[in-house]
Amino acid sequence: MKTVKTDYLARVEGEGGVRIRFRGDQVRDVQVRIFEPPRLFEAFVRGRSYAEVPDITARICGICPVAYQMSSCAAIEDALGIRLAPEIGELRRLLYCGEWIESHALHVFMLHAPDFLGYPDAIAMAREHREIVLAGLAIKKAGNAIIRAIGGREIHPINPRVGGFHSLPPRSALVELIPELESAHQAAMQALQWLGRLNYPDYEGDYEFVAVDGGDRYPFIGTGLISNRGLNISARDYDAHFEESQVPHSNALHSRLRARGAYVCGPLARFNLHFDKLSEGVREAARRLNLTPPCYNPFKSIIVRGLEIAFALEEAIGLIRRYHDNGDAFIAPPSAASTSTGYGVSEAPRGMLYHRYRVDSAGLIRDAKIVPPTSQNLASIEHDLARVAPRMISLTHAEATRLAEQTVRNYDPCISCATHFLQLTIER
Amino acid sequence: MGQQWAGDDGVGLAVIRELRRLNSQLDLVEIDDPARLIELLCEGADPVVIVDAVMDDGPAGRVLLIDCRRGAPRLQSHPLSTHGIDPMQAIELARAAHPGRVASRIFVIGVTIVEASGPGHNLSAPVQAAVARAAARAIAICSPL
């Protein structure tokens, strides 16, 4: 029996690991292990005011706090019957653009690109590909600037609240970001050409892709979920179609569709389901890279993230140009007449993020459910590793470890979020 | 560096508050994102002292001083960061990406913790007890010789 083991899975958010066990040339077992202490946020928000939930859940993840704020706000607003003004929805979309830009830039240029070039990390890559690393840092900085301008600070923004925002940023503060965003967009489009020249393993999975239904727009926040195999439901029906289960080797729960099992959410799902809603410029950039849906190669998700960076920058510039700061910052939530349950879904950079809250008449949280994208992808990550693992037989331990890590990083997993739930073990 | 609601992971921010309480003349910056650190290291401050939580196999509440002038060593078996790069990697990335522009004297004051990122405002007792010592260390490093 041979087992491939990496004691620590580098360049993913938080702590996680993978163990692959072989018998001869056959893969016997693949486990993605989450050994980060299980998070208690679902229990932590119970008994607390709904007004605190966006700030608390934002702490689940340091790289995608906006996603948690947006899904939690959407769910609580659903419970309380709050209908946002369209302008507030647009400002939330702009804030989300900032998060996609900075999160994708970190992952593409600092975490995943080194895999494709054989570098152990971004530091080594920066010594020989300095310009692309600097471009990535500049793009990330542009995303952070959006979040700081709207959210009040870059990490764990303080301005979002149930019903809208505590205050509206001055239009001038957003307009002055445009030159930096345009420069970042230019860098992003050039980076796409660089990404197109990387070598991509020849691999395709048989995936069901799930994403938020954003209506006629590329989705950030929505009210429904769709898939490439016929799923078309309201967020309220999530629990009827999805289930979570505990696996012995991980603190994180595994999600599955009740009817069909494992699925994938994230950039590749969005790209495959909503390609026609990207801007024409980004669609054309994808076509020049010979990347059009359907794409079932998870290794090309790094290109899709690059495309989404460019799209989010374009979207942000357009939203800023249309922004006016003369409306109400928030709608005061009504007093809850009775206990009610609300549901919220949004597209975190890593994929669909589902929140459900039961709010009582005193405005306190009685029950919470938070399903992060990484836990939704864990089953597919294990499946991919099982399919890729036979290639490791002929590799050295170090080479096999890098291939396994690269495979896992296709999903940009945020182990810190996989709580509601990584160390690669390859034993030879 | 640190996160406010993440238990002992907020020790860096607690040291900042202690330095403010002491009316320190140091230029104090709170950051959660090591990638932001890359920029700060190139903005002209010298020395730069980074205060952050670290995890090793020992007990919580110790104050470690890491001199990064000749490289940023890995402190533990895995980075204590939810952002994909830790402060040590940020230092080395800054040096690789901006040669000649990075502060020549960089120190990390690491306060050891046992568990990171549990929800809650407060520091554990041993980590809280280390805050004053860490602040004193930062002042000592930055005092003119």
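Predicted model: local features only at pLDDT ≥ 70, side-chain atom pairs only at ≥ 80, totals over all residues.

Reader: How do you know that the span of helix 4 of chain A agrees with its number of residues?

Author: Helix 4 covers residues 86–117 of chain A, which is 32 residues.

Reader: What comes just after helix 4 of chain A?

Author: Gly118(A) does, and its phi is positive, about 80°.

Reader: Why is helix 4 of chain A called mostly covered?

Author: A residue is buried if 20 or more other C-beta atoms lie within 10 Å of its own. In helix 4 of chain A, 25 of the 32 residues are buried.

Reader: Which residues touch the most other members of the largest nonpolar core?

Author: They are Ile76(A), Ile146(A), Val15(B) and Ala134(B), in a core of 156 residues. Helix 4 of chain A gives this core its largest share, 14 residues. Another core lies apart from it, with 17 residues, including Val18(A) and Ile381(A).

Reader: Which residues does Ala134(B) touch, leaving out those up to four places away in sequence?

Author: Val15(B), Val51(B), Val63(B), Ile109(B) and Val111(B). Contact here takes C-beta atoms within 7 Å.

Reader: Why does Glu18(B) count as partly exposed?

Author: Glu18(B) has 18 C-beta neighbours inside 10 Å, so it counts as partly exposed. Buried needs 20 or more, and exposed means 12 or fewer. Glu18(B) sits in helix 1 of chain B, residues 11–21. Beyond four places in sequence, its contacts are Val131(B), Ala132(B) and Ala135(B). Leu28(B), ten residues away in sequence, is 11 Å from Glu18(B), C-alpha to C-alpha.

Reader: What is the order of elements in chain B, and how much of the chain is buried?

Author: Chain B has four helices and three strands. From the N terminus, they run α-α-β-β-α-β-α. Of its 145 residues, 52% are buried. Among contacts in chain B with a separation of 6 or more, 77% join residues 24 or more positions apart.

Terms used
Residues numbered from 1 in each chain as written. Chains lettered and ligands numbered in written order. Helix = DSSP H or I, 4+ residues; strand = E, 2+ residues; numbered from the N terminus. Contact = placed C-beta atoms within 7 Å. Expected span 1.5 Å × (residues − 1). Core = buried A, V, L, I, M, F, W, Y, C linked by C-beta atoms within 7 Å.
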